[in-house]
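Student: I would like to learn how to read a protein model. Could we go through one feature by feature?

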Amino acid sequence: MRRVFRLLVASAVAGLLLAAVPARAEIWGYVDRKGVTHFADHQVDRRYELFYRGAKAQAVSPSGQAPSAVNAPPGVGARFDVSPDFKAVRHHIREAAHAHGLEFELLQAVIATESGFNTRAVSPKGAVGLMQLMPDTAQRFGVRSKADQTLEERLTDPRTNVQAGARYLAWLLKYFNGELELAIAAYNAGEGAVLRAGRKVPNYPETRDYVRKVTQLHQNLLPPRAVSEGRTTVSPAAMQPRRGSLPVASL
């Protein structure tokens, strides 16, 4: 299995070297027997190998400007950019992010954590595709079976999967008033679990770890200027007050 992960990383980095700088945030990962990539902020066990080592935050210059990107070490985004699996679905992620008022980098982080950009990933619980959607959730957010395709088969289509997952994530952000950690926790454990926890991240080790992975990867994917400006993860239009259930259109 370690060999499988080395091959994945080799295709992702394509010769790019990790920067030799003090660590701010490390990303470790491995590919399980079902082909699903798992990320963590530390080496959980021997299966995990170093995927990305972030740079220490640099001081703001006297002029108040952020450090020049030219002097910054290459980010994790550059490593994804040369991954064939990511490049094959990047346009679908960008389209869905624009359509549903989400940050491209947020969707990218969720998909990397959920499936490692494997369009045919299926979890032991039956979650399917890039955004690991359960069929019931996908149906709730617009995916319908066709005469020649089951719902599960349709979810292996990258565009269908990402559009439905992005619609769900945008709805969660609106439902939880833009609180990113709650929306991410709900994407993993369901909005009911977050409500039962008193509108807090549920005290489930898996969910807490998931929220850490996604938020860390999201921050590392953002351009330095967006981080320094505190760019929002959802557009103002998408943050209108919630009124009932989200209307859905069949995909």
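Tutor: Start with Tyr187, which touches Val110, Glu114, Met131, Leu133, Gly165, Tyr168, Leu169, Leu172 and Tyr210, leaving out residues up to four places away in sequence. Contact means heavy atoms within 4.5 Å. This is a predicted model, in which local features need pLDDT of at least 70 and side-chain atom pairs count only at pLDDT 80 or more, while totals for chains, interfaces and linings use all residues. Residues are numbered from 1 along each chain as its sequence is written, and side-chain values use heavy atoms, with hydrogens and water left out.

Student: Which elements does the protein have, and in what order do they run from the N terminus?

Tutor: Helices (H or I, at least four residues) and strands (E, at least two) are DSSP runs, numbered from the N terminus. The protein has 11 helices and three strands. Their order from the N terminus is α-β-β-β-α-α-α-α-α-α-α-α-α-α. Of the contacts with a separation of 6 or more, 61% are between residues 24 or more positions apart.

Student: How much of the protein is made up of buried residues?

Tutor: Buried means under 20% relative accessible area, exposed over 50%, and partly exposed in between, with a 1.4 Å probe and protein chains only. Of the 251 residues in the protein, 46% are buried.

Student: Which residues touch the most other members of the largest nonpolar core?

Tutor: In soluble globular proteins, nonpolar side chains tend to be buried together. A nonpolar core is a set of buried Ala, Val, Leu, Ile, Met, Phe, Trp, Tyr and Cys residues joined through side-chain atoms within 4.5 Å. The largest one here has 49 residues, and Leu107 and Tyr187 touch the most other members. The elements that give two or more residues to this core are helix 3, helix 4 (104–115), helix 7, helix 8 (180–189) and helix 10 (205–221). Helix 7 provides the largest share, 10 residues.

Student: Is helix 8 mostly covered or mostly uncovered?

Tutor: Mostly covered, with seven of its 10 residues buried. These are Leu180, Leu182, Ala183, Ile184, Ala185, Ala186 and Tyr187. They pack against helix 4, helix 7, helix 9 (191–196) and helix 10. Just after helix 8, Gly190 has a positive phi of about 95°.

Student: Which residues other than glycine have a positive phi?

Tutor: Gln132 is one of them, with phi near 45°. Gln132 lies in the loop between helix 4 and helix 5 (135–140) and counts as buried, at 10% relative accessibility. Arg199 is another example, with phi near 60°. Arg199 sits in the loop between helix 9 and helix 10 and is partly exposed, at 34% relative accessibility.

Student: How do helix 3 and helix 7 cross?

Tutor: Two packed helices are described by the angle between their axes and the distance between the axes. Axes are lines fitted to C-alpha atoms, for helices over the stretch in contact, and angles run from 0 to 180 degrees between N-to-C directions. The axes of helix 3 (residues 84–100) and helix 7 (residues 158–175) come within 9 Å and cross at roughly 35°. Helix 3 makes the contact through Val89, His92, Ile93, Glu95, Ala96, Ala99 and His100, and helix 7 through Pro158, Arg159, Val162, Gln163, Ala166, Arg167 and Ala170.

Student: Why are Tyr175 and Phe176 an edge-to-face pair?

Tutor: A pair of aromatic rings is described by the distance of the centres and the angle of the planes. Rings of Phe, Tyr and Trp (its six-membered ring) pair if their centres lie within 6.5 Å; planes under 30 degrees apart count as stacked, over 60 as edge-to-face and the rest as tilted. By this rule the count comes to seven aromatic pairs. The ring centres of Tyr175 and Phe176 are 5.0 Å apart and the planes are at 75°, so the pair is edge-to-face. Tyr175 is buried at 14% relative accessible area, and Phe176 is buried at 0%. One aromatic cluster is formed by Phe141, Tyr168, Trp171, Tyr175, Phe176 and Tyr187.
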